[in-house]
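Subject: Structure for your review

Dear colleague,

Please find below the structure that I am handing over to you. A short account of the findings comes after it.

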Amino acid sequence: MDLAYTEAEEEFRGRLREWLAAVLPGLPPKPSPDDWPARRAYDTAWQRMLYDAGYAGLHWPADAGGRGATPTQHLIFLEETEKAGAPYVGANFVGLLHAGPTIAAEGTAEQRARWLPPVLRGDEIWCQGFSEPDAGSDLAALRTRAVRDGDDYVVSGQKIWTSHAEVADWCELLVRTDPGAPKHRGISWLAMPMDAPGITVRPLRTLAGSTEFAEVFLDEVRVPVRNRVGAENDGWRVTMVTLSFERGTAFVGEVVACRRTLDALAAEARRNGRWDDAVLRRRLGRLNAEFRALWRLTQWNVGESERTGGVPGIGGSVFKLRYSGVRQELYEAAAEVLGAEGAFDLDREWALDRLSSLSYTIAAGTSQIQRNIVAERILGLPKGR
Ligand SMILES: Cc1cc2nc3c(=O)[nH]c(=O)nc-3n(C[C@H](O)[C@H](O)[C@H](O)COP(=O)(O)OP(=O)(O)OC[C@H]3O[C@@H](n4cnc5c(N)ncnc54)[C@H](O)[C@@H]3O)c2cc1C
């Protein structure tokens with residue numbers, strides 16, 4: 001396993017650093033985390049800047065509108081943008097990091113031409129309509145029905161926890177197209193326009209006070225059959241591709257962000273005298289080692305996916321499991337450094353980040369489910385009953 005960067009990769013890093021140093025000082029301040037329309041505008045404007053500079057969809061194949069860069073260059077991109085404090089993908093998360101890559105891997109030429117360029121340019125935002133009130137971890141239990149009527153599917157049902165639904169243009173939607181088939185076989189993957197008649201979006205408030213996700217009610221929504229990605233009833237296989245991107249690569253940039261937070265925390269501890277506590281120092285040191293190990297694991301996963309054609313493998317579950325736990329430990333350590341007042345002052349970004357870190361062991365597949373996947377598919381242990 002060779003984790004060193006090549007000369008060409010280091011050259012790429014150097015050019016990117018120069019570009020970031022030139023553009024970041026001129027960016028406007030980030031809007032309030034509560035103001036989703038303003039956040040959408042901010043996130044899409046940043047995406048447009050990346051696009052114009054040739055940094056959008058770096059690792060997407062050239063025939064999907066990307067730059068055809070190696071996954072390692074993408075990793076360098078994530079590392080450098082985070083280190084420089086560049087804006088995070090934000091509202092572009094689903095489109096760029098899992099719906100887009102799924103369409104690039106599984107869509108037809110027409111579908112790629114229709115949906116991928118607007119994602120790269122920051123013109124269109126996607127959300128993910130997978131979870132339902134009784135189908136979260138047991139995703140294949142989903143009940144939203146799609147009945148064929150001529151050239152359309154007529155879709156009725158309910159989705160829940162749909163992040164960015166309020167501001168999205170498209171939804172990667174899982175529907176049941178054959179209610180009589182075994183539950184993993186009767187599912188299809190559709191691209192649903194969020195302005196179609198029959199869609200009601202009802203925002204839900206998170207613990208941190210933001211309305212980042214919503215319930216989505218679907219009442220006889222017409223979705224063209226040509227919007228189906230993959231064959232009818234083959235949606236479970238397409239979903240596995242989406243989930244492998246979601247768990248395998250979508251969060252990796254955040255590891256660098258956590259390392260930045262850890263550095264800031266150590267600086268704060270030195271400033272406020274908490275650094276004298278040897279137990280706390282050891283705790284911060286262990287977290288540092290954890291994040292370094294996670295970055296190495298990411299490099300390994302990416303190296304593997306380079307060899308297997310770009311779709312991340314099952315190693316993503318190991319990453320997701322460990323990352324989401326360590327992220328929570330980071331904010332627990334923050335509470336200790338900042339003391340009760342600092343940690344729970346909701347006007348401070350750290351307090352809000354701490355609250356939102358609680359969702360990481362649930363979002364994108366719970367830790368228990370990742371453990372099941374690791375046990376069954378990596379360790380080869382028997383399936384539970
Ligand atoms: C911040 C956030 C954003 C999200 N964004 C989206 C989104 O944009 N789109 C979307 O579709 N979904 C989204 N989700 C939903 C997320 O994918 C689900 O919450 C998650 O899959 C768990 O499903 P559930 O909430 O229905 O819990 P359940 O499936 O009801 O699980 C409850 C508990 O039981 C455990 N459990 C269940 N089955 C098993 C089993 N077989 N073995 C061991 N333990 C088990 C689970 O691990 C969990 O602890 C988001 C969630 C969060 C928190």
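Predicted model: local features only at pLDDT ≥ 70, side-chain atom pairs only at ≥ 80, totals over all residues.

Overall architecture

The protein contains 11 helices and 8 strands. Its radius of gyration is 21 Å, close to the 21 Å that the globule rule gives for 385 residues, so the protein is as compact as a globular protein of that length. Taken along the principal axes, the box filled by the C-alpha atoms is roughly 70 × 45 × 45 Å. Of the 385 residues, 51% are buried. Among contacts with a separation of 6 or more, 73% are between residues 24 or more positions apart.

Packing of α2 against α1

Two packed helices are described by the angle between their axes and the distance between the axes. For helix α1 (residues 7-23) and helix α2 (residues 36-53), the axes come within 12 Å and cross at roughly 135°. An angle over 145° would count as roughly antiparallel, and one of 65 to 115° as roughly perpendicular; α1 is therefore oblique to α2. The crossing of these two helices is right-handed. On the α1 side, the contact involves W19, L20 and V23, which meet W46, M49, L50 and A53 of α2. By class, this contact has 7 nonpolar residues, with no polar and no charged ones.

Packing of α2 against α5

Helix α2 also packs with helix α5 (residues 109-121), at an angle of about 100° and with the axes 7 Å apart. The two helices are therefore roughly perpendicular to each other. Here T44, Q47, R48 and Y51 of α2 are in contact with V119, L120 and R121 of α5. The residues of the contact of α2 with α5 divide into 3 nonpolar, 2 polar and 2 charged, whereas the contact of α1 with α2 has no polar and no charged residues.

Terms used. Residues numbered from 1 in each chain as written. Heavy atoms only, no water. Axes fitted to C-alpha atoms, helices over the stretch in contact; angles between N-to-C directions. Helix = DSSP H or I, 4+ residues; strand = E, 2+ residues; numbered from the N terminus. Parallel < 35°, antiparallel > 145°, perpendicular 65-115°, else oblique. Left-handed = near helix turned anticlockwise from the far one by under 90°. Contact = heavy atoms within 4.5 Å. Nonpolar A, V, L, I, M, F, W, Y, C, P; charged D, E, K, R; others polar. Rg over C-alpha atoms; globule rule 2.2 N^0.38 Å. Buried < 20%, exposed > 50% of the residue type's maximum accessible area, 1.4 Å probe, protein only.
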